[in-house]
Amino acid sequence: LGVDALIDRKKGDVFENVSGPFDVIFDAAAAYRWSQWKGKLKRGGTFVTTLPSMAFAADKLMSLASFSRVQMVYVKANNRDLTLLGKWLSEGMEIPVDLAYPVTKLDKALSRYEKGEFLGRILVDVWNGF
Amino acid sequence: MRAMTLNDYGAKDGYFLTDLQTPEPKQGEVLIKVHASAFGPADYKVA
């Protein structure tokens, strides 16, 4: 997608370092919640998370009485979602890959995930992996 | 078909290379050949 500005979440207070306000805040890593970011959203702006959680449910309720919104995006293996993904991929969308592991080394993929700090998806090669 | 199976929650015993019976697709279903998959939050929660 490209970036205009990059903020290092490990340097200082990430909330202080981000100016805003924004139309949309997309939390692809599901690392934050709406209540933490609502101050950085424009009136009518939306915080999008990617994980169904109690925090999301609570924020969803709380947001009803506020000027911003919270939504969740979760891809389902159905015709509509897969067709849309297929379209984006055929149009050149690229998915960053951190590392690929043969399926027999699933424990290594698990450790990599546990460690965090990965950049892109952790890939499991099934077809050539046995 | 070959599979890596997790026999219990917690992955404390690790994954096992297993031979499983290839599923037979029922009416309205298809059998999918998996080339690659991603290791994500859902997989982590199960393991």
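Let's start in a loop: A:Ala30 sits between β1 and α2 (34–37) of chain A, where helices (H or I, at least four residues) and strands (E, at least two) are DSSP runs numbered from the N terminus. A:Ala30 has a positive phi of about 50° although it is not a glycine. At 26% relative accessibility, A:Ala30 counts as partly exposed; buried means under 20% relative accessible area, exposed over 50%, and partly exposed in between (1.4 Å probe, protein chains only).

Before going on, a word on the ground rules. This is a predicted model, in which local features need pLDDT of at least 70 and side-chain atom pairs count only at pLDDT 80 or more, while totals for chains, interfaces and linings use all residues. Residues are numbered from 1 along each chain as its sequence is written, chains are lettered from A and ligands numbered from 1 in the order in which they are written, and side-chain values use heavy atoms, with hydrogens and water left out.

The peptide bond from A:Gly20 to A:Pro21 is cis, with omega near 0°, and A:Pro21 belongs to the loop between α1 and β1 of chain A. Then there's A:Glu117, in the loop between α5 and β5 of chain A: its phi is near 65°, a positive value in a residue other than glycine.

Over all chains, a search of the whole structure turns up 8 of them. In one, the side chains of A:Glu117 and A:Arg9 meet at 3.6 Å, N to O. A:Arg9 lies in the segment before α1 (14–17) of chain A and A:Glu117 in the loop between α5 and β5, so the pair ties together parts that are 108 residues apart in sequence. A:Lys10 joins in too: A:Arg9, A:Lys10 and A:Glu117 are linked in a network of salt bridges.

Next up is A:Lys42, which forms a salt bridge with A:Asp23, the closest N and O atoms being 3.4 Å apart. This pair links distant parts of the chain, with A:Lys42 in strand β2 (residues 41–49) and A:Asp23 in strand β1 (residues 22–27) of chain A, 19 residues apart. A:Lys42 itself is partly exposed, with a relative accessible area of 35%.

A:Arg112 pairs with A:Asp98, and here the closest N and O atoms of the salt bridge are 2.7 Å apart. A:Arg112 lies in helix α5 and A:Asp98 in strand β4 (residues 97–102) of chain A, so the pair ties together parts that are 14 residues apart in sequence. Is A:Asp98 buried or exposed? At 18% relative accessibility, A:Asp98 counts as buried.

Another aspartate to look at is A:Asp81, in helix α4 of chain A. A:Asp81 has 15% relative accessibility and counts as buried. Leaving aside its neighbours within four places in sequence, A:Asp81 is in contact (heavy atoms within 4.5 Å) with A:Tyr74, A:Val75 and A:Lys76.

A:Val73 is in the loop between β3 (69–72) and α4 (79–90) of chain A. With 40% relative accessibility, A:Val73 counts as partly exposed. Not counting residues up to four places away in sequence, A:Val73 touches A:Phe26, A:Val48, A:Thr49 and A:Thr50. A:Val73 and A:Pro52 are 21 residues apart in sequence and 8.9 Å apart in space, C-alpha to C-alpha.

Now for the partner chain. The contact takes 17 residues from chain A and 18 residues from chain B. Chain A and chain B bury about 1,700 Å² between them, 74% of it on carbon and sulfur atoms; buried area is the accessible area (1.4 Å probe) that two parts lose on being put together, summed over both. In chain A, A:Tyr113, A:Trp127 and A:Phe130 lose the most area to chain B, together 36% of what that side buries. The count between the two chains is 0 salt bridges.

β5(A) and strand β3 (residues 36–39) of chain B pair in the antiparallel sense over 4 bridges; two strands pair if DSSP finds at least two bridges between them. Within this region, A:Val124 stands opposite B:Ser37 in β3(B).

Conventions: A salt bridge is a side-chain nitrogen of Lys or Arg within 4 Å of a carboxyl oxygen of Asp or Glu.
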